[in-house]
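Morning, everyone. Please bring the structure up.

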Amino acid sequence: MKKMWRMASFLMVLALFMGMLAACGSSSSSGGGKSKSGVDIGIVLPTKDEPRWVQDEKRFKDALKDSDYNVEILFSQGSSAKEKENVETLLNKGIDVLIITPQDGDAAAAAVESAKKEGVTVISYDRLITNTDAVDYYVTFDSVAVGEAQGQYLIDHANGKDVPLYLYAGAASDNNAFLFFEGAWKALQPKIADGTFKIANSSEAEGLKDTAELSRDQMSKILGQVTTNWDPNEAKNKAQTHLTAVGADMKGDVAVLAPNDGTARSIADVFGSDSEVKSFVVTGQDAEKASIQYVIDGKQSMTVFKDVRTLVTDAMGIAVDVLDDKKPETTGSYDNGKKEVEAKQTEVIVVDKENVKEKLIDSKYYEASEFTGLE
């Protein structure tokens with residue numbers, strides 16, 4: 001009798017255990033068998049130290065707050081090694097889509113190749129990942145158009161001949177830096193060749209002033225002299241070095257090609273403190289809040305407004321289409337050295353003191369209360 005009771009007890013325990021296993025197995029979602037508590041979309045952004053990327057983080061979260069999809073956002077803090085670690089962390093959480101802004105276009109290839117091996121769709125965000133076929137889509141502003149807008153603004157505000165022109169660029173590890181410079185050179189080169197501008201701080205650029213289209217190698221040599229690495233402190237040091245090295249003939253009324261807002265503010269502070277610089281026109285991009293105040297105050301001449309709301313919407317639209325088994329809509333393609341990557345492009349807008357209220361306040365990108373001196 002005791003043996004029968006023990007056997008019955010064993011069978012009851014076994015049945016309970018099998019029931020628990022079945023319950024665990026039934027917790028996966030219909031989307032590829034992943035746990036409902038998993039992460040659908042993983043996002044890797046370059047750094048929290050630049051306002052632009054913190055702003056993007058908020059936009060991404062806002063874009064998905066009413067959806068059924070889960071997102072996790074990680075920052076690489078300027079390190080390609082940390083970037084790869086972030087991708088691995090997200091892969092371990094079972095993501096289906098990876099949205100990534102590479103710290104270094106070439107170095108990011110290894111990270112996204114790991115993602116592709118796991119069947120993850122890779123979206124290169126704002127910066128193109130290069131020399132790999134593991135990129136499915138590229139969401140971007142028209143980077144060449146950004147540079148063209150910056151160059152054209154300097155042309156439109158140049159007076160006379162031999163206007164000293166100071167060239168600065170982003171990081172040579174960022175493909176966008178080349179595209180921005182390509183666009184700027186396309187606009188500026190005819191006016192350099194005809195004597196409207198005289199290059200003040202790059203012997204490489206001066207030697208190529210009659211060359212309308214630069215090769216990648218030629219641009220690399222120029223960037224080697226004028227790169228800021230997107231670092232405001234490096235931009236400040238370079239600007240100080242350049243102004244110290246030139247004579248009075250390269251001061252007076254000057255034009256400055258600054259690649260983005262962070263570097264523009266640093267460069268503007270340096271040029272503004274030099275008593276031999278009578279006036280300067282300086283470009284920027286990203287419409288960072290601090291630079292909008294500089295524009296209002298007349299310290300920075302312009303910024304290229306890239307409406308992150310639209311870029312985020314485009315990126316999330318592609319991601320959701322992929323998750324819903326739909327074919328995403330694209331508007332063009334970019335050669336990354338290994339393949340033509342299908343791309344969705346967003347237009348850019350030039351903002352200066354004349355239209356800052358219309359473009360940034362009336363559109364509700366910023367609130368008027370965030371600035372002083374706004375008319």
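How many cavities of 30 Å³ or more are there? The count comes to two. Keep in mind that this is a predicted model.

Start with the largest cavity. About 120 Å³ of space lies in there. Its lining has 13 residues. Closest to the centre are Trp53, Asp126, Arg127, Trp230 and Asp286. Which elements give two or more residues to this lining? They are α2, residues 51–64, and α6, residues 175–193. Seven of the lining residues are charged, three are polar and three are nonpolar.

On to the second largest cavity. Here we have about 40 Å³ of space. The lining is Gln150, Tyr168, Ala169, Gly170, Ala177, Phe180, Phe181, Leu257 and Pro259. Helix α6 gives the largest share of that lining, three residues. And the classes?

Last stop, the helix pair. Look at α3, residues 80–92, and α4, residues 108–117. Their axes come within 9 Å and cross at roughly 10 degrees. An angle under 35 degrees counts as roughly parallel, so α3 is roughly parallel to α4.

Which residues make the contact? From α3, take Glu83, Lys84, Val87 and Leu91. From α4, take Ala108, Ala110, Ala111, Ser114 and Ala115. By class, this contact has six nonpolar residues, one polar and two charged.

That's my tour. Over to you.

Definitions and conventions:
Residues numbered from 1 in each chain as written. Predicted model: local features only at pLDDT ≥ 70, side-chain atom pairs only at ≥ 80, totals over all residues. Heavy atoms only, no water. 1 Å grid on protein atoms, 1.4 Å probe; cavity = no way out; pocket = protein on both sides within 12 Å on 5 of 7 lines; lining within 4 Å. Points joined across faces, edges and corners; volume = space filled by probe spheres on them. Helix = DSSP H or I, 4+ residues; strand = E, 2+ residues; numbered from the N terminus. Nonpolar A, V, L, I, M, F, W, Y, C, P; charged D, E, K, R; others polar. Axes fitted to C-alpha atoms, helices over the stretch in contact; angles between N-to-C directions. Parallel < 35°, antiparallel > 145°, perpendicular 65-115°, else oblique. Contact = heavy atoms within 4.5 Å.
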